[in-house]
Amino acid sequence: MSGKEIRFQGLPISNGVAIAKVCLFDDNRHHKMPLEETSRLSVEEEIARLKKASVLVSQRLAEIRDKVKREIGSAEAEIFVAQKMILEDSSLNEQLLYLISSKRAPAELAITLTFDEYEHKLLAVDSEYIRQRASDIAEVKRRLLDTLSDTAPGFKCEGLGSCKKGRNRIVVTEELTPMITIELNFEHVKGFITERGGVTSHAAILARALGVPAVSGIHGLFDVISCGTQVLINGQTGEVVVCPEPDTISQAHQISTVEVSKERIIEPVDNLKVYANINLSNDVDEALELHAEGIGLYRTEFELFSAGRLLDEDEEFERYSYVVKKMNGKPVYFRMLDVGGDKNTQFFNLPQESNPYLGCRGARFLIARPDIFNQQARALARASAYGPVYVMYPMVVSAEQLVTLKGMFASAIDGIRTGTIYQGLMFEVPSACLRATELLEMSDFASIGSNDLIQYLFAVDRNNDLVAYDYNPDKPVFWDIIRLLISAAQKTGKPLSICGEIASDPKYTSKFIDIGLDTVSVSSRLIPHIRLAAMEQSL
Ligand code: PEP
Ligand code: MG
């Protein structure tokens, strides 16, 4: 492909233009590696490669086990004990050696065939516990193949080491999950290209919050690039150019200069309060720089994703009180951990579900895990000593659920000296929207989570670019629900805002103001754009 640029068209999900080398972040890249049928090495050499990889993986697993035990807990560390046992399993190792010595299979093929066979056998067993062990087998396989790739003849991937975890690179990945962000040096990433992911996927939200371009729905890119290939990405048009020609690069530079010059601080406007969405406590500094009038969504689960582990109560308190102090009396909507669905994480040991988007997530997860809930409630209550705390429950489906959550909160904070605490909910599920008045009467405030609301209203996956045509907020029925919520808020006199991604799109700002919504919450960097749109509406 030298000298000839290759163009791809995808779904634009975060504005901006970037040109950089890529970091291939493909969790499953070894599934796609062409596997040689017969080894080019001697049987002894191939066995030595396998043994070396096995020892390295075993050492790594022991290190992770100790780290997890120290920082998280013994129960969680058991996962890695189990993985180490798989690696040392005698019948599995016999099969590997048999394939290498009798069939002359390269180590990669022997591992793939053996581990896949074991995984499929476990997946077929009618027991949730056993099926979970299948994912451990897949994980051990990936670790072995990753380790082997450094020694594979004829296969050279620069890997994460030289990519410095995406630093100053455009990260290319199948899907950007919150878990992957733990691995990335994401504050220094130049852009994201994903195979999957819609406009409100977490990849998109993260990219917009970081102010870097992102395009999704690019299929087949892995086949034409390798780590280090230069790529141009235009998050406005959805275009991705592999090995761009000098003319293409200079045109792109012109576009990016115009975009940067648009950034400036705009003071608060009269007709719309603009709050900031933040993921980490430190993000509050940028929100203040851009004169946010409050924090309308603090996605507290991202603190765990970023730390790569569960936090203890003092660590949560430290982060929450930092934000409360910085905001100096302005509202801070702390969304209690919103886990499950695409925000699944290994720290919680969630059961495998065939449909996690409709499973133990959001409010259901909080109720199912009082240990996690109570700790977070106590940390929030302690933080309220420094300024008002707004506790916001995610994915609430009914009034009964809200009663349960409020009851749990009250018991958890019993005995703590608190300041002012308000409690409210996110409207993200149609069943809650249809009971808006009742739910608002029980709450101090609410915020519309349009990302999930659209997903559940139209039964369309927010992360699936293949059905993105149906993920459309322009459909009248969506606005019927928004109007219904606004009228319930006006009737009950409770503050209502919107914190989903639609609030960040200036195209909708005047419509929200026209129909009576007075507060939006958006990524800090978009605050000026939304204020400009609100000013235009008032002209
Ligand atoms: C939403 O669903 O609109 C929302 C703001 O929450 P999240 O995007 O974190 O699911
Ligand atoms: Mg949501």
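This is a predicted model: local features need pLDDT of at least 70, side-chain atom pairs count only at pLDDT 80 or more; totals for chains, interfaces and linings use all residues.
Me: Why is the pair Arg-196 and Glu-174 called a salt bridge?
Reply: The closest N and O atoms are 3.9 Å apart. The cut-off is within 4 Å, between a side-chain nitrogen of Lys or Arg and a carboxyl oxygen of Asp or Glu. The pair therefore counts as a salt bridge. The structure holds 22 salt bridges.

Me: What makes Arg-196 and Glu-174 a link between distant parts of the chain?
Reply: They are 22 residues apart. Arg-196 is in the loop between strand E5 and helix H9. Glu-174 is in the loop between strand E4 and helix H8.

Me: How do you know whether Glu-174 is buried or exposed?
Reply: Its relative accessible area is 13%. Buried means under 20%, so Glu-174 is buried.

Me: And why is Arg-196 called partly exposed?
Reply: Arg-196 has 36% relative accessibility. That value falls between the 20% and 50% limits, so Arg-196 is partly exposed.

Me: What makes Glu-313 and Arg-382 a salt bridge?
Reply: Their closest N and O atoms are 2.8 Å apart. The limit is 4 Å, so the pair qualifies. Glu-313 is in helix H13 and Arg-382 in helix H15, 69 residues apart.

Me: Why is Glu-313 called buried, and why is Arg-382 called partly exposed?
Reply: Glu-313 has 19% relative accessibility. Buried means under 20%, so Glu-313 counts as buried. Arg-382 has a relative accessible area of 24%. That lies between 20% and 50%, so Arg-382 is partly exposed.

Me: Which residues are linked with Glu-313 and Arg-382 in a network of salt bridges?
Reply: Asp-314 and Arg-378.

Me: What makes Arg-462 and Asp-452 a tie between parts of the chain?
Reply: Their side chains meet in a salt bridge, 3.0 Å from N to O. Arg-462 lies in the loop between helix H19 and helix H20, and Asp-452 in helix H19, so the pair ties together parts 10 residues apart in sequence. Both residues are buried.

Me: How do you know that Asp-452 has a polar contact with ligand 1?
Reply: A polar side-chain atom of Asp-452 lies 3.0 Å from an oxygen atom of ligand 1. Polar contacts are pairs of N or O atoms within 3.5 Å, so this pair qualifies. Arg-299 has a side-chain N or O atom 2.7 Å from a ligand 1 oxygen. For Gly-449, a backbone N or O atom is 3.3 Å from a ligand 1 oxygen.

Me: How much of ligand 1 does the protein bury?
Reply: Taken alone, ligand 1 exposes 290 Å², and the protein buries 100% of that. The space taken by ligand 1 is the largest cavity.

Terms used. Residues are numbered from 1 along each chain as its sequence is written. Chains are lettered from A and ligands numbered from 1 in the order in which they are written. Side-chain values use heavy atoms; hydrogens and water are left out. Helices (H or I, at least four residues) and strands (E, at least two) are DSSP runs, numbered from the N terminus. Buried means under 20% relative accessible area, exposed over 50%, partly exposed in between (1.4 Å probe, protein chains only). A polar contact is a pair of N or O atoms within 3.5 Å; within protein, one must be able to donate a hydrogen and the other to accept it, and residues adjacent in sequence count only if both atoms are side-chain atoms. Accessible areas come from the Shrake-Rupley method with a 1.4 Å probe; for residues, only the protein chains shown count as cover. On a 1 Å grid over the protein atoms alone, a cavity is a set of points where a 1.4 Å probe fits but cannot get out, and a pocket is an open set with protein on both sides within 12 Å along at least five of seven lines; lining residues have an atom within 4 Å of a point. A molecule sits in a cavity or pocket if more than half of its atoms lie within 2 Å of its grid points.
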